[in-house]
Amino acid sequence: MIKRDLNQPYLVAPRVMAQRITDETLQTHLSLKWQFVSPLPPLNGNLLIHLQYSLSKKAFEWVEHPTLDLNAPFTVEVISASLLLYRLMCVFYEPPLVPKRAYKTLWEYPLLHVATGHVLGLMDYKAGISMVTEFNDLSEMPDDFAKDALELLNFLVSEQVAHPYDGVLAGSIA
């Protein structure tokens, strides 16, 4: 059995100083496809096991039949929960929901997919990133929702997320 080294940096770790992002078209496009909603409706579907990060593509992808590949990064190794939240706030200009009795989950960020009316809940769970939907299997998820959720997640781990101040990369300083 291969032992994982969890004393490594996240795959998404922006430089302290970064160039300004001059084209915010995708960020604007995504902010129109998704809307922050409150409260987070009861969602039980956990499709995180079907979300895998490809090192060669530097992108998330849906996997119908996931297998445990210890050579591939786990989703929680890609981006920290704190950087994910920060970037969500830079895109949607909304603070997270904080459960009254925060225990395993400190913050939740529910996003309504405008085209389908379904909700994607992004959150921290035990200090790592997590997500919930109403779907228990990829086959239940509408194609538009699946495509747009993947586009959003890949955008959030890219170097294209602009901070509202002067368009600097979210997670870097101006």
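Residues are numbered from 1 along each chain as its sequence is written. Because the model is predicted, local features need pLDDT of at least 70 and side-chain atom pairs count only at pLDDT 80 or more, whereas totals for chains, interfaces and linings use all residues, and side-chain values use heavy atoms, with hydrogens and water left out.

**View 1. Overall fold of the chain.** The chain holds three helices and six strands, which follow one another from the N terminus as α-β-β-β-α-β-β-β-α (DSSP runs, H or I of at least four residues for helices and E of at least two for strands, numbered from the N terminus). The C-alpha trace spans about 40 × 40 × 35 Å along its principal axes. For 174 residues a compact globule would have a radius of gyration near 16 Å, and the chain agrees with its 16 Å (taken over C-alpha atoms; the rule is 2.2 Å times the number of residues to the power 0.38).

**View 2. The largest pocket.** This pocket has a volume of about 350 Å³ and is lined by 15 residues, with L48, I49, L51, Q52 and F74 nearest its centre. A pocket here is an open set of points on a 1 Å grid over the protein atoms alone, where a 1.4 Å probe fits, with protein on both sides within 12 Å along at least five of seven lines, and lining residues have an atom within 4 Å of a point. Its volume is the space filled by probe spheres set on the points, which are joined across faces, edges and corners. The lining comprises 10 nonpolar, four polar and one charged residues (Ala, Val, Leu, Ile, Met, Phe, Trp, Tyr, Cys and Pro count as nonpolar, Asp, Glu, Lys and Arg as charged, and the others, Gly among them, as polar).

**View 3. The second largest pocket.** A volume of about 280 Å³ is found for this pocket, and of its 14 lining residues L11, V12, Y53, V157 and E159 lie nearest the centre. Eight nonpolar, two polar and four charged residues make up the lining.

View 4. H118 sits in the loop between β4 (108-113) and β5 (119-125). Its relative accessible area is 18%, so H118 counts as buried (under 20%, with a 1.4 Å probe and protein chains only). Apart from neighbours within four places in sequence, H118 is in contact with L111, L112, H113, E134, F135, P142 and F145 (heavy atoms within 4.5 Å).

Key:
Buried means under 20% relative accessible area, exposed over 50%, partly exposed in between (1.4 Å probe, protein chains only).
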